Amino acid sequence: MNKIDGSELDGRLLQLLLAVLEAGSVTGAAQRLGVTQSAVSHGLERLRVITGDALFVKSGRGIVATARAEALAQPARELLGAMGRFALHGAFEPARWEGTLTIAANDFQRDLLLPALAARLRAQAPGLALRVIPSGVPRLEMLRNDECQLVISPRPPEGSDILQKRLFEDRWRVFYDPAVRPAPASRKHYLDADHATVVYEPRLGLDLDQRLQAQGVRRRFAVMVPEFSALPGFVRGTALLATVPGLMARQSMAGLESCEPPVACPRMPMYALWHARHQEDPAHRWLREQLMAVVAPALGGMAISPASTRRSRAQA
């Protein structure tokens, strides 16, 4: 086999390497990239010649990355970012933007904001593909390593290189099935009830649940699910209560009744988060403008808190 010079390395090969790393299989990478498995296999062979490493080896019925492949992940992300900035030199034109944009968001903010954002992107930047991944409890590395370009979350990670902008603020509401039970009429009724809530992996509860527990408010959680959209199926037809963002009345909680919590609950802010290296990038600035443009329609006339950009606190 003739040795392929490193100058033949291109963005598609870098995307392929990251896709196989993230998917953990050739099949998954092919589905993610929208190509055939043979195309992925051929691309891996080219990468193996360029790098002089196997990159992925068989393990049971699957494959695992070699140490070399893991080490190449961050340089690959940085090179792809540099290629994107090179392609967009000069005046930024959304219609010329090609590539994949990755946004991390959990199901509440994903379903509230991202379908409308995706529609705007398709109309103005048809060459841009939107990939959405779960944010869980956001990690600094998601933005530092360019695993995603934006995070939408009520929990900004603390880091002096992470910028944040408040998108809106929501209130917590208690949802219940009126065919089964009435609204909790008092604090005692609320605390005596069985509750359903969200617990992210690995066993990280909602910020609200942690705060209430710290205040001595003890609830009995009969059901814990990994995402908000799973809650309605457990609440309907049962006496369970679910204390979730009020805006979910327009989403999966539609058809259930809700009331104010009979305990003091903080408001829930929602932030857009990005790394400082993208702050002055014209493409990223345009992207943030498109996100802000879909917030007001998604809230349906709700007041939006004044938005300002600031850095997260330095990590302790």
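At what angle do H2 and H3 pack, and how far apart are their axes? The legends below take up that pair and then several other sites.

**Before you look.** This is a predicted model, in which local features need pLDDT of at least 70 and side-chain atom pairs count only at pLDDT 80 or more, while totals for chains, interfaces and linings use all residues. Residues are numbered from 1 along each chain as its sequence is written, and side-chain values use heavy atoms, with hydrogens and water left out.

**Figure 1. The whole protein.** The protein has 10 helices and 14 strands; helices (H or I, at least four residues) and strands (E, at least two) are DSSP runs, numbered from the N terminus. Of its 316 residues, 43% are buried, where buried means under 20% relative accessible area, exposed over 50% and partly exposed in between (1.4 Å probe, protein chains only). Among contacts with a separation of 6 or more, 75% join residues 24 or more positions apart; a contact means heavy atoms within 4.5 Å. The mean pLDDT is 87, and 90% of the residues reach 70 or more; pLDDT is the predictor's confidence in each residue, from 0 to 100. Take care at residues 303-307, where pLDDT stays under 50 and the model has 10 contacts beyond four places in sequence. Where pLDDT is low, the predicted coordinates should not be read in detail.

**Figure 2. Helices H2 and H3 where they meet.** Here is the reply to the opening question: H2 and H3 pack at an angle of about 110 degrees, with their axes 8 Å apart. Axes are lines fitted to C-alpha atoms, for helices over the stretch in contact, and angles run from 0 to 180 degrees between N-to-C directions. H2 and H3 are therefore roughly perpendicular to each other; angles under 35 degrees count as roughly parallel, over 145 as roughly antiparallel, 65 to 115 as roughly perpendicular and the rest as oblique. On the H2 side, look for Val26, Thr27, Ala29 and Ala30, which meet Gln37, Val40, Ser41 and Leu44 of H3. These contact residues divide into 5 nonpolar, 3 polar and no charged. In this grouping, Ala, Val, Leu, Ile, Met, Phe, Trp, Tyr, Cys and Pro count as nonpolar, Asp, Glu, Lys and Arg as charged, and the others, Gly among them, as polar.

Figure 3. H3 (residues 37-51) has 15 residues and reaches 21 Å from its first C-alpha to its last, close to the 21 Å expected at 1.5 Å a residue. That expected span is 1.5 Å times one less than the number of residues. Its buried residues are Val40, Gly43, Leu44, Leu47 and Val49, and their cover includes helix H1 (11-23), helix H2 (26-33) and strand E1 (56-59). An α-helix has 3.6 residues a turn, so residues three or four places apart point the same way. After H3 comes Gly52, with a positive phi near 70 degrees. In the loop between H3 and E1 you will find Leu55, which has a positive phi of about 70 degrees although it is not a glycine. Leu55 is buried, at a relative accessible area of 1%.

**Figure 4. Helix H10 and His284.** H10 has 18 residues and reaches 27 Å between its first and last C-alpha, close to the 26 Å expected at 1.5 Å a residue. Its buried residues include Trp286, Leu287, Arg288 and Gln290, and the buried residues of H10 pack against E3, H5, E5, strand E6 (162-170) and strand E13 (268-275). His284 lies in this helix (residues 282-299) and is buried, at 4% relative accessibility. Not counting residues up to four places away in sequence, His284 touches Gln149, Leu150, Trp274 and His278.

Figure 5. Asn106 sits in the loop between strand E3 (99-105) and helix H5 (107-124) and is buried, with a relative accessible area of 8%. Beyond its neighbours within four places in sequence, Asn106 contacts Pro134, Ser135, Gly136 and Tyr200. Asp146, in the loop between helix H6 (140-144) and strand E5 (150-153), has a positive phi near 60 degrees and is buried at 15% relative accessibility. Ala239 is in the loop between helix H9 (231-235) and strand E11 (241-245) and is partly exposed, with a relative accessible area of 40%. Leaving aside neighbours within four places in sequence, Ala239 is in contact with Val180, Arg181 and Asp194.
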